[in-house]
Amino acid sequence: MSDHDLCPRRRASDEYGILDRSRTPLASVAIAVVAVVLLTIIGFTLGTVDLGLSKALNELHTGALGVFTTAVYHVISPAPAIGITVVVVAVVWWRTRDLRPALAFGGTIAITWVPSAVVKEIVHRARPDVAVLPHPFPVQPDPGYPSGHTVYITAFVIALIWLLRDTRWHRLALWLGVVAIVVVFFAVSIDAVHYPTDAAASILWALAVAPGVRVVWVDWLMPKIPFLRPRGAATQREVTR
């Protein structure tokens with residue numbers, strides 16, 4: 001990967017896709033807020049509606065597949081996930097020589113992901129009962145809805161696709177990202193640490209919330225921070241004085 005691989009192919013302004021201002025900022029924020037409210041309400045109604053599906057998927061938790069799904073669950077648990085994000089943020093900063101796309105990427109993931117943990121405690125949906133599972137995973141201490149693992153990977157993929165929007169890596173990031181989301185969905189469902197509806201709601205959460213988060217963080221808040229203002233902003237202010 002050359003020093004210019006993360007640089008846009010068609011932007012004279014040397015901007016990055018994740019820094020593009022939204023054309024519909026208020027709509028994006030409104031959709032995010034409505035999605036959080038609706039998904040929270042839905043969480044209270046689910047109960048054990050898909051327990052049968054959880055048991056059926058957990059039947060697959062044997063041999064190499066069981067080892068793989070367990071490894072996926074551990075690799076993107078909160079501590080490793082934070083570490084992965086920090087490393088990628090550092091790499092983006094290093095390769096682009098610009099702190100703005102790096103913090104836009106990391107901030108979008110974090111602000112999409114963290115509130116889901118708050119909703120998890122509010123809804124307090126129990127995880128699948130290990131007593132009825134054919135291959136139970138060790139009991140997890142926190143509630144299950146939504147799945148933090150699935151919110152994280154979906155938010156990560158979305159932010160990465162935005163970051164690489166105008167680079168040669170965009171299409172690859174899109175396809176591999178979709179595969180990663182599907183893998184995590186089935187991993188947490190086969191492990192039966194989450195109901196499938198936990199994981200599905202988490203994908204919807206990230207898809208609906210991330211665009212609004214990006215507007216608030218990247219379009220509205222970052223420009224107010226002196227060292228994160230768009231390039232040329234300071235020069236423009238000097239010219240207009």
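Helices (H or I, at least four residues) and strands (E, at least two) are DSSP runs, numbered from the N terminus. This is a predicted model, in which local features need pLDDT of at least 70, side-chain atom pairs count only at pLDDT 80 or more, and totals for chains, interfaces and linings use all residues. Residues are numbered from 1 along each chain as its sequence is written, and side-chain values use heavy atoms, with hydrogens and water left out.

**View 1. Confidence along the chain.** The average pLDDT (the predictor's confidence in each residue, from 0 to 100) is 91 for the protein, and 89% of the residues score at least 70. Residues 10-14 fall below 50, and this stretch has 7 contacts (heavy atoms within 4.5 Å) beyond near neighbours in sequence. Residues 234-241 are also below 50, with 1 such contact in the model.

**View 2. V37 in helix α1.** Welcome to helix α1, residues 25-46, where V37 is found. With a relative accessible area of 45%, V37 is partly exposed (buried means under 20%, exposed over 50%, partly exposed in between; 1.4 Å probe, protein chains only).

**View 3. Two residues with positive phi.** Most residues other than glycine have a negative phi. R97, in the loop between α4 (78-96) and α5, has a positive phi of about 55 degrees. R97 counts as exposed, at 57% relative accessibility. In the loop between α7 (170-190) and α8 (196-221) sits A192, whose phi is near 60 degrees. A192 is buried, at 5% relative accessible area.

**View 4. A cis peptide bond.** Look for the bond from Y145 to P146, which is cis with omega near -5 degrees. P146 belongs to the loop between α5 (99-123) and α6 (148-163).

**View 5. Aromatic pairs.** Rings of Phe, Tyr and Trp (its six-membered ring) pair if their centres lie within 6.5 Å; planes under 30 degrees apart count as stacked, over 60 as edge-to-face and the rest as tilted. The count comes to 5 aromatic pairs. One of them is Y73 with F137, edge-to-face because the centres are 5.2 Å apart and the planes at 75 degrees. Y73 lies in helix α3 (residues 63-75) and F137 in the loop between α5 and α6, so this pair ties together parts 64 residues apart in sequence. The rings of W113 and Y152 have centres 4.9 Å apart and planes at 50 degrees, so they are tilted. Ring pairs also link F105, W113, Y152 and F156 into a cluster.
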